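Work through the exercises below with the sequence and the structure open. Try each task before reading its solution.

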Amino acid sequence: MTVLECKNVSIRYKTGDLKSIGLKDYVIGKLTGKYKVTEFWADKNISFSLEKGDMLGIVGTNGAGKSTLLKAVTGIMIPTEGEVVARGKIAALLELASGFDPDLTVRENTYLRGALLGYTKKFIDEKYNEIIAFAELQDFQDYMFKQLSSGMKSRLAFSIACLVEPDIIILDEVLSVGDEGFKDKSAHRIKSILARGVTGVLVSHSVQQVRDLCNKCLWLDHGKQIAFGPAYVVCNAYSAYLFSDKNPDYLPKNEEELYEASNRFRVAWRLGVKEKAAKLNPPNETETKRIKRLLGIVDNMTPEERKVIQDEIDKR
Amino acid sequence: MLNKVKRYQFLFTELVKRDFKKKYKGTVLGVIWSLLAPLLNVLVLALVFTTVFKRGQEHFIIYIFSGTLVMSFYTECTQGCMRSLMQNASIFTKINVPKYLFMMSKTIQAFINFSLTFILFIVFCLIDGISFGPHMLTLLYPVFWLLVFNFGVGMILAAMFVFFRDVEYLYSVFLTLLNYVSAIFYPISIIPEKFQWLFKLNPVYDYIYYIRTVVIDGVIPSLETHLLCAGFALVFLAIGCIVYKKCNHEFLYYV
C-alpha cells in the first residue's frame, strides 16, 4: 500500500518583491513599470512514492531543495504545483532546536513544544519525566531555555519529538545531535521507531547514514530530481558525483546512466578493497584522494578489465 | 470543527500562558502592572486636563478612563496580533500548526489585561458615585463586539505586516491619530454639530460612546449604536478571515 506519494511536486519561491525591497520601492517600481518578481523554483517536478515500511533517504548538495521538499511533505508548505498524498499521521523532526522560546524555562518549553506537536496534556504529564531523563536535563528543568548549551537544546527537542508513534516520520538532519553518547542513543531510538514498520523520510548529509538506514533514495540537485531508486544505487552514483568535485557531467540523465555511475563507483570501491588487502595502498593518502584516484583508474580501464572486476562483485 | 477545537485547545492554552508569562518576564511587579499602568495613565491625563487645561465636567475621570480603557485594549490587541505572525515565524515554518492560533492567543492575552483594567474601572465608578443597576449588564455587549473587532483588525494587520514591514510604523502613526479623533479626553460637543456624525464612523469611538452612555448617563444607548458596534466588528472580522484565508499559505515565503 502506498503510504506517501509525491506527484510532480514543484515549489516556487518569489524573490525581488516586497519582502526584499519594502513598500516605497514597491510602489515606485509598480508606477514606473520596473517592478519585477523573479521566480525561483526550489523544487521542480519531484515524484516518488513510498510503500509501508519504506525508508527514503534524500541526498543532494546544499540548496538542492531537500528541506523545502520536506516542508511540502509535512504540510507546512503547499506545493505550487503537484500534490503530496500522505496516508496516516505524520511526525516531522525538522531543524529541531528552532522554535523554542528563549525566555521560558525548560519545563514550560517542553509543554509548549508538546502542544505544538499535537500531544495532549495528559500525554505530556505522563511522559514528562521520561523526556527530561532521555534528554539528560534533570538538573536544568527550571533553567531558562536560553541558558542551555546548543547540544542540550537539541537533545530536548529530539526527546520531545521522538515520543510520537506516527505512521510516517520525517527526519531532517536530526541524527547528528548532541555528543557521541547521545548520538548513539538517538540513533537507537530512531531505529526502534523504524522497527515498528513506520514509513520514513530522512534527509542527511551523510551518505553512509542513508546507506545504513534507507532502502530507497532520492537525489536532488538544484531543485531537480536526478534520481529515485534503490538506496545503494543512488548512493553510489551520488558518491561518485561528489568525488568528481560535483562536476555536472557526472549527473546521471537517465536510469541507464544512473546504473552505470553506480557501477563505476562499485568497481572503484572494489579496487580499493583489493588494494588494501594487498597492502598496496599508498600510506598517508586521505580517503577522498584515494577514491578519486581509484575512480580515475576505473575510467582508464578497458571494458574487458572492468568486466572482470564487475563479475567479481556480482559473485560476492 | 469541534474535533479541531478540542485538538488545539491544549496548544491554545499553552500559547496564552506563554504570551502572558513573557509579557511580565523580568518585571518586579509582574501582573500588577496590568492594573498600575492604566491607573497611572488615567491619572496623568486627568491631571493634565483638569489643572493645565482647566477642563472639568461631571465624572471627568470616568469619562477619560472609559476612553483609555477601550483605546488601550484596541492598541495592545491589534499591535500584538500584527506582530504575532512574525514573532512565531520560527514555529510555523517548522511545525504544521494553524497560524490563527497565534493571533487568537494575543487577543485573549490582551483581553485578560483589559478585564483586569475593567475591574479597576468599576472600582473607580464606585468611588465616583456612579449609580449601579441592572443596565450595567449591557456593558457586556460592547465588550464582546470590541473583542471581535480587535481580532478582525488584528488579522488584517498581521497579514499586511508579513508582506510589508512598513506597516508597523504607519500603524503607530495611525494609532496616534486615532487617539486624538476618538474623543478620549474631550467631549465631542467642542466640534461643530454638523460634523459630529463623523465620530460614529470611528468604531473605537462607538465602543467608547456605548460604555459612557451606560456608565455616566445611566441609560442604554440607541439601537443605532448597537448596530454600529456589532456591524463594524462583523465587517472587520469578515475581512480579516478572508485576508487570512487568502494569504495563509503565502506567509511562509515572506517571513
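A crossing of two helices is left-handed if the near helix is turned anticlockwise from the far one by less than a right angle, and right-handed if clockwise. Helices (H or I, at least four residues) and strands (E, at least two) are DSSP runs, numbered from the N terminus. The model is predicted: local features need pLDDT of at least 70, side-chain atom pairs count only at pLDDT 80 or more, and totals for chains, interfaces and linings use all residues. Residues are numbered from 1 along each chain as its sequence is written, and chains are lettered from A in the order in which they are written.

**Exercise 1.** Describe how H3(B) and H6(B) pack.

Step 1. Two packed helices are described by the angle between their axes and the distance between the axes. Axes are lines fitted to C-alpha atoms, for helices over the stretch in contact, and angles run from 0 to 180 degrees between N-to-C directions.

Step 2. Helix H3 (residues 60–87) of chain B meets helix H6 (residues 140–163) of chain B at about 35°, and their axes are 7 Å apart.

Step 3. The crossing of H3(B) and H6(B) is right-handed.

**Exercise 2.** State how many residues of chain A are in contact with chain B.

Step 1. Contact requires that the C-beta atoms of two residues, placed from the backbone, lie within 7 Å.

Step 2. On chain A 26 residues are in contact with 22 residues of chain B.

Step 3. Strand S1 (2–15), helix H1 (18–32) and helix H3 (106–116) of chain A each supply at least two residues of this side of chain A.

**Exercise 3.** List residues in contact with Leu56(A).

Solution. Neighbours within four places in sequence are left aside; the contacts of Leu56(A) then include Phe48(A), Gly200(A) and Cys217(A).

**Exercise 4.** Give the distance between the two domains of chain A.

Step 1. Domain bounds come from an automatic or database domain assignment; chain A is divided into domain 1 (2–231) and domain 2 (252–315).

Step 2. The C-alpha centres of domain 1 and domain 2 of chain A lie 35 Å apart.
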